[in-house]
Amino acid sequence: MVRRPFYFEKRKKMEIILNGEKKEVKENVSLPDLLKELDLTPDKVAVELNLDIVDKNNYDKTLLKEGDKLEIVHFVGGG
Amino acid sequence: MENNSDFLEIAGKKFKSRLIIGTGKYASFEQTREAIEKAGAEIVTVAVRRVNITDKSKESLLDYIDPKKYFILPNTAGCYTVEEAVRTARLAREGGGYDWVKLEVIGDEKTLFPDNAGLLEATKILVKEGFTVLPYTNDDPIMAKKLEDAGAATVMPLGAPIGSGLGIRNPYNIKIILEMASVPIVVDAGVGTASDATIAMELGADAVLMNTGIAGAKDPIKMAIAMNHAVKAGRLAYRAGRIPKKLYATASSPIEGVIE
């Protein structure tokens with residue numbers, strides 16, 4: 001069996017907390033790429049990263065880091 | 001006759017309808033849409049929740065309720081702390097550009113009564129951040145005044161606990177709140193049937209907000225129509241000015257000229 005160098009494996013994935021649950025994502029994934037992967041449309045959601053709102057204009061430059069806490073919300077029926 | 005100049009005015013924005021409705025608990029988005037239409041509502045409340053990552057159904061509520069046609073009022077329902085409520089309001093503003101918020105800071109799961117200290121604090125924070133704040137509070141005139149002084153655009157006292165259908169339990173407190181207030185007063189929660197909404201409006205409330213009263217009825221669409229009429233009837237009766245209550249009869253037919 002051919003073993004890849006350990007750093008190769010390690011760099012591929014990282015863990016974030018998405019809506020309260022652990023999730024493995026690509027290392028340093030950008031917010032738009034993550035939303036795409038989750039099949040979510042940016043204009044229909046709002047995102048909070050480590051308790052700070054992410055301005056929609058800044059999505060492109062937002063890269064996620066290991067351990068980031070992300071909340072992605074949308075509007076649902078309510079009184 | 002309805003008067004076309006009788007508007008509900010909140011923070012400089014005019015609305016023809018005095019019935020505000022929630023969008024929770026309906027059987028389908030289609031039913032939600034129809035109920036809003038039949039209720040004649042212009043302002044509708046929505047909640048802010050985590051997207052379901054594993055089960056992403058393609059349809060969303062706002063595909064059915066056109067934000068160009070209806071005024072969307074996000075709520076902070078389910079928030080038990082100032083921090084949660086403030087974060088939720090900020091998310092709603094970022095998510096939809098809505099800077100109005102129906103502010104709830106809930107104190108207890110069983111009664112869903114508001115945590116007034118938290119509510120006041122959250123109101124101050126959000127007013128400072130430029131939000132138009134509509135706090136849901138209990139029927140306490142002093143609290144209502146404090147919220148108004150903190151910059152609330154409207155104060156929304158409950159008629160009875162959320163979803164209880166108990167009606168307007170303390171009309172005298174609502175009356176005192178109305179007399180003391182210089183912002184619009186919206187009776188929010190407790191309405192179980194049409195007469196409850198009429199009573200709130202007859203007291204002089206500027207509007208009524210309800211969700212379960214319509215969505216939980218056996219036929220929500222019929223109830224939406226009933227509530228539409230009830231709010232209008234109550235408003236007209238209030239403006240018409242009711243007769244005083246008297247203990248004894250006053251004949252409505254002439255007393256003179258009766259045959260002997």
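In this predicted model, a salt bridge links Arg50(B) to Glu71(A). The closest N and O atoms of this pair lie 2.7 Å apart. Between chain A and chain B, the count of salt bridges is three. Polar contacts were counted as well. Across the two chains, 14 residue pairs are in polar contact, with both residues at pLDDT 80 or more.

The side of chain A that touches chain B draws on several elements. Strands β3 (46–49) and β5 (69–77) of chain A each supply at least two residues to that side. The largest share comes from β5(A), with seven residues. By residue class, the side of chain A that touches chain B holds 13 nonpolar residues, six polar residues and seven charged residues.

Strand β5(A) also takes part in strand pairing with chain B. Its partner is strand β4 of chain B, residues 43–50. The two strands run in the antiparallel sense, and five bridges join them. One bridge can be named residue by residue: Phe75(A) has Val48(B) as its bridge partner in β4(B).

The extent of the contact was computed next. The size of an interface is often given as the accessible area lost when the parts come together. Here, chain A and chain B bury about 2,400 Å² between them. Carbon and sulfur atoms account for 60% of that area. On the chain A side, the residues that lose the most area to chain B are Ile53(A), Phe75(A) and Gly79(A). Together these three make up 29% of what that side buries. In residue counts, chain A gives 26 residues to the contact, and chain B gives 31 residues.

Backbone angles were examined in both chains. Leu51(A) is not a glycine, yet its phi is positive, at about 75°. This residue sits in the loop between β3 and β4 (52–53) of chain A. Ala11(B) is found in the loop between β1 (8–10) and β2 (13–15) of chain B.

Conventions:
Residues are numbered from 1 along each chain as its sequence is written. Chains are lettered from A and ligands numbered from 1 in the order in which they are written. This is a predicted model: local features need pLDDT of at least 70, side-chain atom pairs count only at pLDDT 80 or more; totals for chains, interfaces and linings use all residues. Side-chain values use heavy atoms; hydrogens and water are left out. Contact means heavy atoms within 4.5 Å. Buried area is the accessible area (1.4 Å probe) that two parts lose on being put together, summed over both. A salt bridge is a side-chain nitrogen of Lys or Arg within 4 Å of a carboxyl oxygen of Asp or Glu. A polar contact is a pair of N or O atoms within 3.5 Å; within protein, one must be able to donate a hydrogen and the other to accept it, and residues adjacent in sequence count only if both atoms are side-chain atoms. Helices (H or I, at least four residues) and strands (E, at least two) are DSSP runs, numbered from the N terminus. Ala, Val, Leu, Ile, Met, Phe, Trp, Tyr, Cys and Pro count as nonpolar, Asp, Glu, Lys and Arg as charged, and the others, Gly among them, as polar. Two strands pair if DSSP finds at least two bridges between them.
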